[in-house]
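Hi,

Here is the structure I promised to pass on. Have a look, and my notes on its pockets follow below.

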Amino acid sequence: MGNSILTVSGLNVRYGHLQAVQDVSFEVKPYEIFGLLGPNGAGKTSTLSAIEGLLQPQSGQVKIAGYDIWQQPLYAKANMGVQLQHTSFQPELTVEEIINLYAGLYGVDPTLSLEQLGEIPLRKKISELSGGQQQRVSLLITTIHHPKLVLLDEPTTGLDPQSRRVLWEKIEAIRERGNGVVLTTHSMEEAEAVCDRLAIIDHGRILTIDTPEGLIEKYREDPEVIGVSRKGKITLEDVFIALTGRAIRN
């Protein structure tokens, strides 16, 4: 794990009697998009919160670019960018003002970031942008300080297909710069199209880790997977449902 951007080792998180995360371990390499898939309540949010340093686990270790998130939090967080599913910016500010604000907070030159926004009007208020444009601005701010690790929590939720494809390209561009990306998503299509490797998590435990193609091949002959397949062609969603169950989670 020496050259990993993120290492999670033996992570355990409890809320009273509830074991939310159980002995979770994985790593993310440079030039890799790592997907974290799971039903509601599977432990994704608690895992991400521990990685971000927002909660202290009962045991385990998280290292970002070699820095322990609890023992060396300033160094670890300086190498991390986080995009939440719903990000609220000051609605009365323009795109340019928001970029300049965050560039100032991080002490970086905003010029290159402003150029990367392309056709997004810089003098338009953030509240006047489409959902896809707002997510692109949010992703840009997440990476404005050039972090080595980027955490994206369901970044394309609610976007139309065109906006989603544009955001996929932006995420892939982050990977191509040598970053490590952790992506949570409920979209099997997104996971298969964007992620290099996937971890399926349920009841706080990681059930399996592999490439999207590897997961399909690994479970292709599994009777449970065959039983949930709707049209005879095994898909990533079939594998996901077979491993995590058909029950709807709240």
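For the residue classes below, Ala, Val, Leu, Ile, Met, Phe, Trp, Tyr, Cys and Pro count as nonpolar, Asp, Glu, Lys and Arg as charged, and the others, Gly among them, as polar. By that scheme, the lining of the largest pocket has 10 nonpolar, 5 polar and 5 charged residues.

This is a predicted model, where local features need pLDDT of at least 70, side-chain atom pairs count only at pLDDT 80 or more, and totals for chains, interfaces and linings use all residues. Residues are numbered from 1 along each chain as its sequence is written, and side-chain values use heavy atoms, without hydrogens and water.

The average pLDDT (the predictor's confidence in each residue, from 0 to 100) is 93, with 99% of the residues at 70 or above.

Helices (DSSP runs of H or I, at least four residues; strands are E, at least two) H4, H5 (131-142) and H6 (161-176) each contribute at least two lining residues.

The second largest pocket comes to about 350 Å³. Met-80, Gly-81, Val-82, Tyr-106 and His-145 sit closest to its centre, out of 17 lining residues. Strand S6 gives the most to that lining, 4 residues.

Cheers

Methods:
1 Å grid on protein atoms, 1.4 Å probe; cavity = no way out; pocket = protein on both sides within 12 Å on 5 of 7 lines; lining within 4 Å. Points joined across faces, edges and corners; volume = space filled by probe spheres on them.
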